[in-house]
Amino acid sequence: YGPVPYRLDPEKVADFIEATGDDPALHRHSAPQGFAGALLFAVAPALLADPDLASHSHGVIHGDQSFRWHRPFEYGTEVDVRGEVSKLRERGGVAFLGFSLTVGDDAGVVCEGESTFVLSGSESAASGHPERDEPAPDDVAEAAIEDATVLRSASRRGLVKYSGASRDYNPLHWDHDTAVAAGLPGVVVHGLLQSAWILQATGPVTAARFRFRSPLLPGVGVGVIVDGETDRPQARVTDGQTDYVTATFEPR
C-alpha cells in the first residue's frame with residue numbers, strides 16, 4: 001500500500017498536538033513521536049478498505065503497535081509512507097493481520113512500525129460489554145493517580161478532533177451505535193491517542209511497543225505511570241484499577 005507522499009507541515013501537526021493535549025513549545029522544529037500514529041493512517045485506510053478483507057468487515061480492533069524512530073519528524077520534510085501485510089492468520093472467523101509501516105525520505109528510513117489488527121467476520125472480535133448511555137460531548141474527568149506523570153481524559157468531541165488530526169476515522173471512536181454493534185459499551189478512545197499520551201510522559205525514545213488491553217471510555221480520567229528505572233522500562237495508562245494501554249520502550 002502506497003507510497004503515499006506526505007509533507008510534514010507545522011500546520012497539520014499543530015492540530016495533532018492540540019488533539020493529544022501536548023505542549024506545542026516542545027515541538028517547534030519537529031513533530032512529536034506520537035505523530036507516527038497519524039502517518040500510519042496515511043496508508044492503513046487503504047488496507048482496511050481492501051476488498052480482499054470484505055469478509056472481515058464487522059469490526060476492526062487494534063491489538064498492538066510498535067514503532068522505531070530513526071530520526072525526528074522534521075518540519076518541511078517530504079516523506080513517503082508505505083504499508084505491507086506482513087502476516088495473516090485466521091482462527092474461529094477472526095483474522096489476525098500484521099501490517100508493516102515504513103516512513104522514509106531521500107536520506108533513508110525515518111520511522112518503522114508494526115501493527116496487529118484483529119478483524120472479525122459475522123461476529124465482533126470484541127467481547128460483549130453492556131451498553132452505557134452516551135456521555136455529554138464535552139464530559140471529561142480528572143483522576144487522582146498517584147505517581148502519574150501525565151493526567152488525561154478524552155471527551156467525545158475530543159475524539160472527533162483526534163480522528164480529524166490523525167485521519168483515523170474508525171466509527172468505533174465516534175459513532176455510538178456502531179460501537180455497540182461491535183460489542184463495546186459505546187465509543188472508545190483511540191489506542192494511538194493513548195500511545196501519544198505515553199510518549200508525552202516518557203520523553204524521547206528510540207522504540208516502543210504498545211499493547212491495547214482494555215477499551216477506555218470517553219469522560220474517564222486516567223494517568224500515565226512510567227517505570228523507567230528498570231532493565232525493561234515500562235509505562236501504562238491507568239485509572240488506578242484498570243490498565244488500558246501498557247508499553248515497553250527504549251529510552252533515547
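**Notebook: helix packing, pockets and cavities**

I began with helix α1 (residues 10–20) and helix α4 (residues 156–166), which pack at an angle of about 150° with their axes 9 Å apart. The model I am reading is predicted: local features need pLDDT of at least 70, side-chain atom pairs count only at pLDDT 80 or more, and totals for chains, interfaces and linings use all residues. Residues are numbered from 1 along each chain as its sequence is written, and side-chain values use heavy atoms, with hydrogens and water left out.

I noted the terms as I went. Helices (H or I, at least four residues) and strands (E, at least two) are DSSP runs numbered from the N terminus. Axes are lines fitted to C-alpha atoms, for helices over the stretch in contact, and angles run from 0 to 180 degrees between N-to-C directions.

**Entry: α1 with α4**

I looked up how the pair is oriented, and α1 and α4 are therefore roughly antiparallel to each other. Angles under 35 degrees count as roughly parallel, over 145 as roughly antiparallel, 65 to 115 as roughly perpendicular and the rest as oblique. α1 passes α4 in a left-handed crossing (left-handed if the near helix is turned anticlockwise from the far one by less than a right angle, right-handed if clockwise). For the contact (heavy atoms within 4.5 Å), I found D15, F16, A19 and T20 in α1 meeting K161, Y162 and A165 in α4. The residues of this contact of α1 with α4 divide into 4 nonpolar, 1 polar and 2 charged. Here Ala, Val, Leu, Ile, Met, Phe, Trp, Tyr, Cys and Pro count as nonpolar, Asp, Glu, Lys and Arg as charged, and the others, Gly among them, as polar.

**Entry: α1 with α6**

I then turned to α1 and α6, which pack at an angle of about 85° with their axes 10 Å apart. α1 and α6 are therefore roughly perpendicular to each other. On the α1 side I listed F16, A19 and T20, which meet L193, A196, W197 and Q200 in α6. By class, the contact of α1 with α6 has 5 nonpolar, 2 polar and no charged residues.

**Entry: the second largest pocket**

On a 1 Å grid over the protein atoms alone, a cavity is a set of points where a 1.4 Å probe fits but cannot get out, and a pocket is an open set with protein on both sides within 12 Å along at least five of seven lines; lining residues have an atom within 4 Å of a point. Grid points are joined across faces, edges and corners, and a volume is the space filled by probe spheres set on the points.

The second largest pocket has a volume of about 330 Å³. I found 20 residues lining this pocket, of which H27, A31, P32, Q33 and P204 lie nearest its centre. α1, β2 (30–31) and α6 (191–202) each supply at least two residues of its lining, and α6 gives the most, with 3 residues. The lining of the second largest pocket divides into 10 nonpolar, 7 polar and 3 charged residues.

**Entry: cavities**

I searched the whole structure and found 2 cavities of 30 Å³ or more. The largest cavity holds about 40 Å³ of space. Its lining includes Q33, F67, W69 and F210. The largest share of that lining, 4 residues, comes from α6, and the lining divides into 7 nonpolar, 4 polar and no charged residues.

The second largest cavity has a volume of about 30 Å³. R132, D133, E134, P135, H176, G186, V187 and P218 line the second largest cavity.

**Entry: backbone**

A cis peptide bond joins G2 and P3, with omega about 10°. I placed P3 in the segment before β1 (4–7). Phi of D147 is near 75°, a positive value in a residue other than glycine.
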